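Keep the sequence beside the model as you read.

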Amino acid sequence: YRNYQTKEDILKDYLDHLFQQYLAQMTLEQGDLHALAVGFFQYFRRNQSFLDALITANLQFLLLPKFTHYLPEVFRQLLPGSPSPMVIQFDVGGLYQLLVAWAQEGMVRSDEEMAQVVVHFQPEK
């Protein structure tokens, strides 16, 4: 605890670790948006207990800066002809809200079903 000024700093550091792991996993899986979306929900399902703890403590807002920092890189690296920066920011905000809502309902919908939601809202090229 000496390395951190607040408990939130500990959580932020852990979130960095989670997102770095996610980024490393995704760089191994080139693919289309659907495949990346399935991988996104699979990854966060494996971390459901941590998400539940954040939401229970009303700290889910700590996720958004990490989404904003890490996910644009996922789009740029893994999606050929990645969308414009504004579309990426729209997607990042939507993914954050979608993940929180999915976790709040207990992740009852399948990873595939959630990926379909993401693909549905992606603009046509």
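Leaving aside neighbours within four places in sequence, which residues is L71 in contact with? L71 touches Y22, F40, K66, V92 and L95; contact means heavy atoms within 4.5 Å.

This is a predicted model, where local features need pLDDT of at least 70, side-chain atom pairs count only at pLDDT 80 or more, and totals for chains, interfaces and linings use all residues. Residues are numbered from 1 along each chain as its sequence is written, and side-chain values use heavy atoms, with hydrogens and water left out. The mean pLDDT (the predictor's confidence in each residue, from 0 to 100) is 87, and 90% of the residues score at least 70. Helices here are DSSP runs (H or I, at least four residues), numbered from the N terminus.

L71 also belongs to the largest nonpolar core, which has 38 residues. Such a core is a set of buried Ala, Val, Leu, Ile, Met, Phe, Trp, Tyr and Cys residues joined through side-chain atoms within 4.5 Å. L71 is listed with L15, F40, L63 and F67 as having the most contacts inside it. Helices 1 to 6 each supply at least two residues of this core.

D111 sits in helix 6 (residues 111-120). Is D111 buried or exposed? D111 is buried, at 13% relative accessible area; buried means under 20% (1.4 Å probe, protein chains only). Beyond four places in sequence, D111 touches V38, F41, Q42, R45 and W102.

Note on methods
Buried < 20%, exposed > 50% of the residue type's maximum accessible area, 1.4 Å probe, protein only.
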